[in-house]
Structure formats: structure tokens, C-alpha cells
Amino acid sequence: MGLKGPFLHSVLFKKGKNGYYDKATVIYRDIIFRYSMLVRIEGQPTSRPFKDYELANWLLDNNTDFRDRYTIGPDRYTKRSSRIKNTIRKIQGKIDDLIKLGLIKRAGTVKQSKGTGTVFLYEFTRHTYFFLALLGSVGDESADEEVYNILQLILTDENAPSIFIFYSNLFKKIKERGLFSEIIIYPLTEAFFANKTYSHIMDLIFAKRELDDQKIMIWNSLQSETLKELDKDTRDRVLLILRDRIQDNIVSKVRSLKDYEEALIRSKESAQTLAVESYCKDCNTYVCALVDVIEYLDAISFPTDEPIRKICPTCSNNSLIIPKIPP
Ligand SMILES: [Zn+2]
């Protein structure tokens, strides 16, 4: 684990000391903000495949730095074909960075039109267009609809994991309540500009968002509702992931890790049980217990000052207090 990059934010927004974007940043920006629009298939969040040759050719005419290089200075007598070759060499690392960030993907190879070599084909991903719509939604609320639609396409892809189906259904409910902008779009945009170390576009899509208590309650209650509507197999798969997230948060707060470890092992027997550490007010002691994950999620959708109560296995009183720790 290290902060090596490339990072989504610095690649596209890094400025030099003079307050202007670096030359390298301008190349990334030209590719992501301009070229992606040129090759976009109309009305869809996808692009046609393009060759490195085509991209280099376009940059030579449209990127200020490349253009200047070959109109002023000694390089102005370089043949077009050599200019393109040099440009491909210069941008290869940048294309690789954009692939790592999830903004471009390889789309196969084709035979070179001249010569015997092969050239790579690339495509912009749906995530690129999601990201562009998200950035575009700042100051233009009509873009919110597009953010939603592209996100749904990503989440309902035929290879999507169960957790994506779950989020797709959950986001639909949030949208139906007219809260998609407030619960998803604004917090995600804020997260992007606040945390500059996202190294893949999916990290941003599932970024931790800052929500006020009321929105957390809405999120939690819609989350429980969505879970209950899933078929059993999908729900079990989703619960495995949600449960791990809740338990990860609990681990960092437990008093007796040894007891909690035992409870964690027991919780593995069913996807629907969650290991918690609770406190008995009457015995004055910490007790680890298993609770139903969905019941727990239901409980945390109520105001945080009302704790979850259970029967204590030691004194049999209704005095076991389970802290609410959201996923
Ligand atoms: Zn007790």
C-alpha cells in the first residue's frame, strides 16, 4: 500500500507553480475532456475504438504544446509520419496511466496498414462518461439525469456482481424520492475534490460520502428496504460484503478482541448473522453476540441516540446495548 499514483485528481487538475496546468496535465485533459467527446458514439456513454495513431494525429493538431513544437523551432521540418511516431511514443505512458485509472481500456489489436506490425485499439469506458457527467453536473443540474443513467448502465452490466445490482436498486429508490443529487451527486463531487488520491474511477463511484444524520437515516432505511426485495441468493452475496464492512468498523472499536474474534468465526456460518460487541448495563460487562444483519441495518436507520437492545445471555434482562456502527 503506497500513494504512488497515478491519481485521478492530479492527472487532470495538477497545476504548475505559475498557476497554469502542466504540459503533461494538458495532454491528459485534451484526451479525456476533448478527444473522448470526438469519438463518443452519439447518445451513448461509449466511444468507438480508436488507434494510438489516430489519437496522436489529433493531438498534433489540437494540443497546443505538440502544435507549437512542430510549427516553431527546429522540428518544423519533421515529416508528418515521424511527428506521429514521436507523439505516439510521448503519449504511451499517459495512455497506460489512463488505463490504470479506468478511463480508457484496450479494445483489441489491428494489423498496421503499412508494415507488418500490429497496433492497439483503445476505447473510452462508460466510467469516463460517468465521470465527465459528474464533473459537468457542477453548476448544471440537468446533467444529474445523465450521471444517474450512466451509473445505472455500469451497475446493471451483464457481468455486474450482486453488490452492483443491489446499488442499482438502491439508487433507483433514492432517485424516486428526488434525493439522487443530494445523496449521491453532490457528496461524490465533493469527495473527488477533497480526497485527491483516488487511483481508480471505481474508488470514486463508491467513495465514502459525507452525509448529515437525516440523509444517513434515509440511506439506511432504503438500504434495508432494497435488501429485503432481493432474491435470496443475491441478498446473501450482498450481505457477505455489507457484513464484512460493518464488522471491519466494529473491529476497530471493540474492547475484547479475543471474544470478538470468536464471534466472528461463529458469524461465518450464515451470511445473515453479524458479530457485534454489546454491553450489559446490569452485568456491567461486555458481551459478544450474533445478531441478524438485516435487523441490525433496520435498527441503524433510526435516530442514533436510540440504542439496539437485546436480552443478555448472562442475566436474561433486556439490558444488552448494541452500539450502532454503520457500514
Ligand atoms: Zn447481563
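Visitor: Which residue takes a positive phi in the hairpin of β4 and β5?

Guide: Before that, bear in mind that this is a predicted model: local features need pLDDT of at least 70, side-chain atom pairs count only at pLDDT 80 or more, and totals for chains, interfaces and linings use all residues. Residues are numbered from 1 along each chain as its sequence is written. Strands here are DSSP runs of E with at least two residues, helices are runs of H or I with at least four, and both are numbered from the N terminus. The hairpin has four residues between its strands, and the one with a positive phi near 60° is Asn-284.

Visitor: Is Asn-284 buried or exposed?

Guide: Asn-284 lies in the loop between β4 and β5, and it is a residue other than glycine with positive phi. The call rests on C-beta atoms placed from the backbone: 20 or more others within 10 Å is buried, 12 or fewer is exposed, and anything in between is partly exposed. Asn-284 has 9 C-beta neighbours inside 10 Å, so it counts as exposed.

Visitor: What about Ser-316: where is its place?

Guide: Ser-316 has a positive phi of about 60° although it is not a glycine. It has 9 other C-beta atoms within 10 Å, which makes it exposed. Its place is in the loop between β6 and β7.

Visitor: How many bridges join β4 to β5?

Guide: Two strands count as paired if DSSP finds at least two bridges between them. In this pair Val-276 stands opposite Ala-289 in β5. The strands run antiparallel, and the number of bridges joining them is eight.

Visitor: What is the order of the open sheet of four strands?

Guide: Its edge strands are β5 (285-292) and β6 (308-310), each pairing on one side only. Neighbouring strands are turned by 40° against each other on average, direction ignored. The pairing is antiparallel and the order is β5-β4-β7-β6.

Visitor: Which residue in β7 is the bridge partner of Tyr-279?

Guide: β7 covers residues 320-322 and pairs with β6 in the antiparallel sense over three bridges, where Ile-308 stands opposite Ile-322. β4 and β7 are also antiparallel, over two bridges. There, the partner of Tyr-279 is Ile-321.

Visitor: At about what angle does helix α13 run to β5?

Guide: Axes are lines fitted to C-alpha atoms, for helices over the stretch in contact, with angles from 0 to 180 degrees between N-to-C directions. Helix α13 (residues 257-267) lies across β4 (273-280) and β5, and its angle to β5 is about 15°.

Visitor: Which are the edge strands, β1 and what else, in the open sheet of three strands?

Guide: The order in this sheet is β1-β3-β2, with antiparallel pairing. β2 and β3 (residues 118-124) are joined by six bridges, with Lys-105 opposite Glu-123 in β3. Helix α5 (residues 80-100) lies across β2 and β3, at about 130° to β2. Each edge strand pairs on one side only, and besides β1 (50-51) the other is β2 (104-111).

Visitor: Which residues of α3 make the contact with α2?

Guide: Helix α2 (residues 23-38) and helix α3 (residues 52-62) pack at about 100°, with axes 12 Å apart. That makes α2 roughly perpendicular to α3, a label for angles of 65 to 115 degrees, with under 35 roughly parallel, over 145 roughly antiparallel and the rest oblique. Contact means C-beta atoms, placed from the backbone, within 7 Å. On the α2 side it involves Asp-30, Ile-31, Arg-34 and Tyr-35, and on the α3 side Leu-55, Trp-58, Leu-59 and Asn-62.

Visitor: How far apart do the C-alpha centres of domain 2 and domain 3 lie?

Guide: The bounds come from an automatic or database domain assignment, which gives domain 1 (8-124), domain 2 (134-210) and domain 3 (246-322). Between the centres of domain 2 and domain 3 the distance is 31 Å.

Visitor: What percentage of the 327 residues count as buried?

Guide: Among contacts between residues at least 6 apart in sequence, 57% join residues at least 24 apart. As for burial, the share of the protein's residues is 26%.

Conventions. Two residues are in contact if their C-beta atoms, placed from the backbone, lie within 7 Å.
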